[in-house]
Amino acid sequence: MRTERVEETLERIRREVERTPDGVLAFDGDGTLWSGDVGDDLFMALLEHGGVRPEARAALERLGARHGVEAHPDAVTLAHALFKAFEAGRLPEKDTYEMMAWIFAGWHAEELRGFALDVVARRGVAGRVHPEARRVVEWARGQGVDCYVVSASPRAVVEAAVREVGITPDFVVACTPKEEGGRLLTSVFEPVPYGPGKVNSLRERTNRPLYAAFGDNVFDLELLAASRVPVAIRPKARLRDRAAELPALVQLHPEEA
């Protein structure tokens, strides 16, 4: 996988814009637009806050039972155990991302949005934005090219985080819990934007040409492959190991803040 400067990538995207009008860019969020994982930030803040409500407890127990995680009378302790199982490879990634969204069951949607904004501010997401990613977004905004963010993290925290790069919540495709009467439930809308679900989720929102896609991990591979200009930003080992499957994939040269 060769490395490419931001200017080179933008020039290739510019040519696609000239060739086909009204296309879009798509970005993964965690690790791509910013360092770290805002889904993890939100989840850990919830546990520190002690905010797991009774509506989520039974679903946590069912998830643990399916994957051999011992039940515990304290919901926060059980949630920590489930996350440790994920880190140990015993809890599937997709199940984990869904849990991080529906664990707020019982919360009001507006309440979660406020909590997510506070988490993004306290965890310093503004200072974690990758400069090379910011340059691409700023160029796109200047050209009138819409940028979608397609993430498996909970929608509320992704919506809060994208504000730090000048993207509005209208262009967020993320893991979204279902609601009833304004209260969140222990289920999420499908498809979950994870792996192949990233492409399916984006296509449910728009069928416009995908000029370029940006990702950092192996579960961004399908989204990258669906674009005309696939670009890795600070790729993790799992994506580098499979880069040969997508010969057009390039790595964007990292920049200093």
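This is a predicted model: local features need pLDDT of at least 70, side-chain atom pairs count only at pLDDT 80 or more; totals for chains, interfaces and linings use all residues.

Colleague: What is the volume of the largest pocket?

Modeller: Rolling a probe the size of a water molecule over the atoms shows where empty space is left. Here the largest pocket has a volume of about 280 Å³. It is lined by 18 residues, and Asp30, Asp37, Tyr97, Asn217 and Phe219 are the closest to its centre.

Colleague: Which elements give two or more residues to the lining of the largest pocket?

Modeller: They are α5 (93-102) and β3 (146-154). The largest share, three residues, comes from β3. By class, the lining holds eight charged, six polar and four nonpolar residues.

Colleague: How many aromatic pairs does a search of the whole structure find?

Modeller: The search finds eleven aromatic pairs. One of them joins Tyr148 and Phe171, with ring centres 5.0 Å apart. Planes over 60 degrees apart count as edge-to-face. The planes of Tyr148 and Phe171 are at 75°, so this pair is edge-to-face. It links distant parts of the chain, 23 residues apart: Tyr148 is in strand β3, and Phe171 is in the loop between α8 (155-162) and β4 (172-175).

Colleague: Is Tyr148 buried or exposed?

Modeller: Tyr148 counts as buried because its relative accessibility is 7%, and the cut-off for buried is under 20%.

Colleague: Which residues form one aromatic cluster?

Modeller: The cluster is made of Phe43, Phe83, Phe86, Tyr97, Tyr194 and Phe219. Two of its members, Tyr97 and Phe219, were named above for the pocket centre.

Colleague: Which residue lies over the face of Phe189?

Modeller: That is Lys178, at 5.7 Å from the ring centre.

Conventions
Residues are numbered from 1 along each chain as its sequence is written. Side-chain values use heavy atoms; hydrogens and water are left out. On a 1 Å grid over the protein atoms alone, a cavity is a set of points where a 1.4 Å probe fits but cannot get out, and a pocket is an open set with protein on both sides within 12 Å along at least five of seven lines; lining residues have an atom within 4 Å of a point. Grid points are joined across faces, edges and corners, and a volume is the space filled by probe spheres set on the points. Helices (H or I, at least four residues) and strands (E, at least two) are DSSP runs, numbered from the N terminus. Ala, Val, Leu, Ile, Met, Phe, Trp, Tyr, Cys and Pro count as nonpolar, Asp, Glu, Lys and Arg as charged, and the others, Gly among them, as polar. Rings of Phe, Tyr and Trp (its six-membered ring) pair if their centres lie within 6.5 Å; planes under 30 degrees apart count as stacked, over 60 as edge-to-face and the rest as tilted. Buried means under 20% relative accessible area, exposed over 50%, partly exposed in between (1.4 Å probe, protein chains only). A charge sits over a ring if NZ of Lys or CZ of Arg is within 6 Å of the ring centre and within 35 degrees of the ring normal.
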